[in-house]
Amino acid sequence: MSLALKKEFKYSLVVPTSMGVRITPVDAQPVQSTNLFRMQATSAETNVASISSYLGLPVKVLTTFVKNSPIAAFIKADLRARNMEYEGPEVPQGDPWGYRHQFNIADSGFGLRGPRVQNDRAGEVGKTLNVKDFDLERIFGQEGVQVVHLSGLIAALSPDTSNFCLEIARYAKKHGTLISFDLNHRATFWKGREKELKEAFTEIVSLSDIVIGNEEDFQLCLGIEGPKAGGENIGGTLDAFKGMILNAHEAFPHVSVFANTLREVVSANEHLWGAIVYENGNWHEAPLRRINVMDRIGGGDGFVGGLLYSILKGMEPEKWVQFAWASGALATTFLTDYAQPADEEVIWSIWKGNARVVR
């Protein structure tokens with residue numbers, strides 16, 4: 001097993017996604033107690049890709065847009081500002097009850113008041129993501145992609161998107177593109193579709209080179225035995241997490257890298273943050289450390305983004321978990337759901353615990 005990156009490629013990273021917007025109360029207020037909100041374009045998958053795009057690697061987004069929508073125009077402008085190319089069909093809205101981009105309504109919490117998130121996804125245009133709308137042979141065969149990152153959020157969004165992710169994984173495997181899969185289990189997406197989705201997720205994982213999840217993801221998506229969910233006393237149960245990953249490796253021996261983030265919540269603004277990576281039989285750890293949190297949403301995506309960037313840049317495996325841990329920690333210091341690193345040094349300074357001024 002190895003992670004052999006394509007030498008000839010147009011894109012370092014490709015992410016299929018369903019774009020939407022997040023509206024957040026300013027000044028860390030609860031949703032019901034404010035009349036002033038900040039809006040940003042967002043998706044878990046572009047959160048991941050932002051580490052690479054801000055640090056100069058070529059990134060492409062595969063998605064769908066509502067035709068002539070001002071929200072779609074807002075999203076496109078945001079992707080361009082993040083140095084991301086995008087491709088996808090323009091879907092007519094239809095009547096006022098037709099398609100739209102999802103809204104994510106979320107406060108960031110403060111102190112002992114935890115964040116609350118409400119997803120408003122009725123009519124979400126991303127549910128129409130369909131393999132027929134993309135020339136996957138051109139993207140993976142002619143243009144070339146080093147890594148494609150798939151998410152369980154997209155794979156479970158609709159039957160069309162499940163098949164879309166499966167076809168992408170098959171094309172990627174056929175053309176020597178590495179496949180990353182973040183399990184990202186969401187109970188509301190799985191309700192009534194457990195058998196169908198478990199089969200789809202199992203096939204995607206069987207094709208994947210890199211698999212990321214937490215204790216709930218591995219158990220609920222794949223039926224892999226693991227520790228009790230809840231994020232308590234993680235330091236004392238680390239062996240259970242490692243045992244879960246070994247169980248996953250036994251079930252999927254062709255996966256080269258498994259990663260698991262570790263988080264204990266002290267308060268909305270203080271977390272214990274850590275991670276483990278299992279790479280070709282070797283364990284790499286980022287021990288739990290206290291981090292200050294401005295907004296926790298996107299921290300896990302920042303971790304995945306840092307992991308993929310470090311692999312794409314050819315760093316030594318022991319550096320992967322360090323760079324990924326620090327990228328996730330960096331994301332929690334931004335009001336956006338994604339980190340916007342100025343350079344690699346800002347991330348390595350976080351890993352080293354160096355917050356001194358740079359002049």
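Q: A disulfide is a pair of cysteine sulfur atoms within 2.5 Å; to what number does the count come by this rule?
A: The count comes to zero disulfides. The structure is a predicted model, in which local features need pLDDT of at least 70 and side-chain atom pairs count only at pLDDT 80 or more, while totals for chains, interfaces and linings use all residues. Residues are numbered from 1 along each chain as its sequence is written, and side-chain values use heavy atoms, with hydrogens and water left out.

Q: What makes Cys165 count as buried?
A: A residue is buried under 20% relative accessible area, exposed over 50% and partly exposed in between, with a 1.4 Å probe and protein chains only. Cys165 has 0% relative accessibility and therefore counts as buried. Cys221, with a relative accessible area of 0%, is also buried.

Q: Why is Ser208 called buried, and where is its place?
A: The relative accessible area of Ser208 is 1%, so this residue is buried. Its place is in the loop between helix 7 (194-207) and strand 12 (210-213); helices (H or I, at least four residues) and strands (E, at least two) are DSSP runs numbered from the N terminus.

Q: Which backbone oxygen does the side chain of Ser208 reach, and which residues does Ser208 touch?
A: The side chain of Ser208 reaches the backbone oxygen of Ile204 at 2.7 Å. A polar contact is a pair of N or O atoms within 3.5 Å; within protein, one must be able to donate a hydrogen and the other to accept it, and residues adjacent in sequence count only if both atoms are side-chain atoms. Not counting residues up to four places away in sequence, Ser208 touches Ile179, Phe181, His254 and Val255, where contact means heavy atoms within 4.5 Å.

Q: What makes Gly213 buried, and which residues does it touch?
A: Gly213, in strand 12, has a relative accessible area of 5% and is therefore buried. Residues up to four places away in sequence aside, Gly213 touches Asp182, Phe218, Ala259, Asn260 and Thr261.

Q: Which residues touch the most other members of the largest nonpolar core?
A: A nonpolar core is a set of buried Ala, Val, Leu, Ile, Met, Phe, Trp, Tyr and Cys residues joined through side-chain atoms within 4.5 Å. Of the 51 residues in the largest one, Leu13, Phe303, Leu307, Phe323 and Trp325 touch the most other members. Helix 11 (residues 317-331) supplies the largest share of this core, nine residues. A second, separate core of 50 residues includes Leu129, Phe134, Cys165 and Leu207.

Q: Why are helix 11 and helix 12 called roughly perpendicular?
A: Their axes come within 8 Å and cross at roughly 95°. Axes are lines fitted to C-alpha atoms, for helices over the stretch in contact, and angles run from 0 to 180 degrees between N-to-C directions. Angles under 35 degrees count as roughly parallel, over 145 as roughly antiparallel, 65 to 115 as roughly perpendicular and the rest as oblique. Helix 11 and helix 12 are therefore roughly perpendicular to each other. Residues making the contact include Phe323 and Trp325 of helix 11 and Ile347 and Trp351 of helix 12.

Q: Which residues of helix 12 are buried, and what covers them?
A: The buried residues of helix 12 (residues 344-352) are Ile347, Trp348, Ser349 and Trp351. Their cover includes strand 15 (282-292) and helix 11.

How values were computed
Disulfide = S-S within 2.5 Å.
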